Amino acid sequence: MLILVTNDDGVRSPGLRALAAAMSTLGRAVIVAPDRNRSAVGHALTLEHPLRAEELKPDLFAVDGTPTDCVNLGIHGLLKQRPQLVVSGINRGANVGDDITYSGTVCAALEASLMGLPAFAISLDSLQFNSQDFAAAADFARQLAERILQQGLPQDTFLNVNVPSGTIRGVQITRQGKRCYGETVVCNQDPRGRNYYWIGGSEVGFEDIPGSDGNALAQDMISVTPLKTNMTHESAHEELRNWSLDSFVSLN
Ligand code: MN
């Protein structure tokens, strides 16, 4: 059994190590992770320059690229055989609602899913970590991985798992909710009197949507959201066909 472990918080992140330790009870866990924090790089793939992978010790690779690069390098280069599972996390902070497409953690699982491999991302709803926080999330990850290895995932599905910090009251299968980001750009002046802007200035919350990922966390429940890579909006597809966009182009 071969399991590829990655994240977006970087190779030194304690959440990554906790996840890898949990996976190593199921088989051989190989870490291929960014050499630094690459949170919020989404599904970015590095094409303009070469990538380096440093083997810090056996089965532990630090890559100077994105989480998606790591999954690519792991599967197509560093691992000698195809893994049975790809896991990403444990991320520092929840990835719910609109976070999903920003999240390097989630997009690493997305990338694995595009490659036809079962995958899940796991995040802890806490920005201040201590080592005990990981125990519950890592233990859930281990059991989930075991189940996926036994019975597989539904076709074209990967999972986005979010674990509350503190008390856990159960597990909910959820839908992607909606973030509310508030005032997110801070403007200030640098020492030379020029403006700079910093995105992510205020606390983010999420809308109160029953059955959503955010609501599950608010109720101290582990949220498991099944996701798919194909984002086509089926009902909009129907509606847009009635727009007769053919009339915008001159047809011969
Ligand atoms: Mn992160």
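Visitor: In which sense do strand E2 and strand E4 pair?
Guide: This is a predicted model; local features need pLDDT of at least 70, side-chain atom pairs count only at pLDDT 80 or more, and totals for chains, interfaces and linings use all residues. Residues are numbered from 1 along each chain as its sequence is written, and side-chain values use heavy atoms, leaving out hydrogens and water. Strands are DSSP runs of E, at least two residues, and helices runs of H or I, at least four, numbered from the N terminus; two strands pair if DSSP finds at least two bridges between them. E2 (residues 28-34) and E4 (residues 60-63) have four bridges, and their sense is parallel.

Visitor: Which residue in E4 is the bridge partner of isoleucine 31?
Guide: Isoleucine 31 has its bridge partner in E4. That partner is leucine 60.

Visitor: Which strands stand at the edges of the sheet?
Guide: The open sheet has nine strands, in the order E3-E4-E2-E1-E5-E6-E7-E13-E8, with mixed pairing. Two strands have a single partner each, so one side of each lacks a neighbour in the sheet. They are E3 (53-57) and E8 (170-173).

Visitor: At what angle does helix H1 run to E5?
Guide: H1 (residues 14-23) lies across E1, E2, E4, E5 and E6. Axes are lines fitted to C-alpha atoms, for helices over the stretch in contact (heavy atoms within 4.5 Å). Angles run from 0 to 180 degrees between N-to-C directions. For H1 and E5 the angle is about 145°.

Visitor: Which residues does methionine 23 touch?
Guide: Residues up to four places away in sequence are not counted. The contacts are Ile3, Val5, Ala29, Val87, Ala141, Arg142 and Ala145.
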